Amino acid sequence: MGRWRLSRRKLLFLSLLCTSLLLFLHLPTSPHHFSSFSQSSSLCLSRLHRISWTHSSPPAWSWDKSETCHFRRFSGKYASEILRDAWILAAGDSQARLVVLALLRLLMEPSEVSTIEPDLFRRHSDYQITLPDKGIKVDFIWAPYESNITQLLRDIRLTRRYPDVLILGSGLWHMLHITNPALYGTVLAEIKQMAESLVEPSGSLHSHMFWLGLPKLINSKLNTEEKKEKMTGNMLEAYNKEVNWRGMSKESGGPFTLLDIGLLTRGCGPLCTLDGMHYDGAVYDAAVNIMLNSMLIDSQ
Ligand SMILES: *[C@@H]1O[C@H](CO)[C@@H](O)[C@H](O)[C@H]1NC(C)=O
């Protein structure tokens with residue numbers, strides 16, 4: 001049953017992609033250029049984070065111009081088509097929650113979002129919503145610590161219920177309460193290994209897996225003395241290095257596509273955050289658009 005549903009989903013997904021991809025990448029016109037197709041897709045993956053910001057209120061973003069890659073800003077309608085019947089599972093801290101909010105803002109009417117927002121942001125709790133007309137299910141699991149994420153991955157493996165899209169990210173709580181980059185690296189390695197083991201060897205069931213990078217922290221704006229003391233620029237850098245060294249991202253051989261929240265928050269700038277940690281919705285909207293575009297490129 002589970003398998004049938006997943007492969008059906010996948011088929012739907014792929015048939016949409018066939019049509020959309022033709023529009024998406026500049027297809028080479030002469031046959032001897034066809035080998036450059038995958039080359040241009042990896043080029044485009046590497047350019048997904050090249051974004052410019054307009055420091056207006058609210059802030060706005062756009063992709064830098066590229067001859068080769070035609071990224072698309074997703075409309076709600078198109079996002080709903082691409083994600084039809086998909087199960088999206090996000091787990092992590094408040095950054096992951098904000099990504100879920102940005103995704104729901106794309107998929108739902110503004111009035112609908114404002115009615116669910118209080119539930120989504122109930123402190124330290126999980127959230128689940130099904131959009132029946134679209135067949136999209138979105139789960140947020142409150143997982144501030146890396147051990148919460150490894151527990152979740154264990155559950156997924158045990159129940160063999162694989163999400164179509166898995167979005168994970170944590171580190172801020174570790175930085176504040178444990179404050180030990182090397183230990184953080186150790187648990188990242190564990191997460192990486194468990195995530196790799198979820199990908200079926202046949203490759204037929206293939207989840208899209210994303211890792212959320214840490215945001216830029218504006219120390220002077222952090223709202224407690226403890227945060228100011230522990231969440232310094234040096235500490236942030238040390239935590240970021242662990243994400244690189246441990247090879248979480250596909251670029252460094254790992255299972256995850258990195259959604260580089262650090263880069264996006266630096267781009268948006270200090271005026272995009274009130275508390276030095278949680279940023280304007282535009283940042284997470286950009287992350288969601290990067291995510292959807294990378295899924296399009298990936299699935300060819
Ligand atoms: C997350 O992990 C911590 C530390 O292992 C644990 O104390 C806490 O209960 C877990 N939280 C959730 C929501 O599972």
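How far is an oxygen atom of the ligand from an N or O atom in the side chain of Ser147? I looked this up first. The distance is 2.9 Å. I keep in mind that this is a predicted model.

**Entry: the ligand**

I listed the residues around the ligand. Trp142, Tyr145, Ser147 and Asn148 surround it. I then checked Asn148. A polar atom of the Asn148 side chain is 2.3 Å from an oxygen atom of the ligand. On its own, the ligand has 360 Å² of accessible area, and the protein covers 36% of that. I sorted the shell by residue class. Two of its residues are nonpolar, two are polar and none is charged.

**Entry: Ser66**

Where does Ser66 sit? I found Ser66 in the loop between strand S2 (60-63) and helix H3 (76-82). Buried or exposed? The relative accessible area of Ser66 is 18%. The cut-off for buried is under 20%, so Ser66 counts as buried. I also looked for a partner of its side chain. A polar atom of the Ser66 side chain lies 3.2 Å from the backbone nitrogen of Thr68.

**Entry: strands S1 and S2**

I went on to the strand that pairs with S2. S1 and S2 run antiparallel to each other, and I noted four bridges in the pairing. The two strands form a hairpin, with five residues between them. I picked out one bridge by residue. Thr54 has Ala60, in S2, as its bridge partner.

Which residues of S1 are on its covered face? I read off Ile51 and Trp53. Ser52 and Thr54 make up the uncovered face of this strand, which spans residues 51-54. Thr54 therefore has two notes on my page: it is on the uncovered face of S1, and it bridges to Ala60.

**Entry: the whole protein**

I finished with totals. The protein has twelve helices and eight strands. How many of its 300 residues are buried? The share is 51%. Ser66 belongs to the buried class too.

I looked up the surface next. The protein exposes about 14,400 Å². Carbon and sulfur atoms supply 56% of that area.

My last check was on contacts along the sequence. I took contacts between residues at least 6 apart in sequence. Of these, 74% join residues at least 24 apart.

Note on methods: Residues numbered from 1 in each chain as written. Predicted model: local features only at pLDDT ≥ 70, side-chain atom pairs only at ≥ 80, totals over all residues. Heavy atoms only, no water. Near = heavy atom within 4 Å. Polar contact = N/O pair within 3.5 Å; in protein donor to acceptor, adjacent residues only side chain to side chain. Areas by Shrake-Rupley, 256 points an atom, 1.4 Å probe, with all protein chains shown as cover. Nonpolar A, V, L, I, M, F, W, Y, C, P; charged D, E, K, R; others polar. Buried < 20%, exposed > 50% of the residue type's maximum accessible area, 1.4 Å probe, protein only. Contact = heavy atoms within 4.5 Å.
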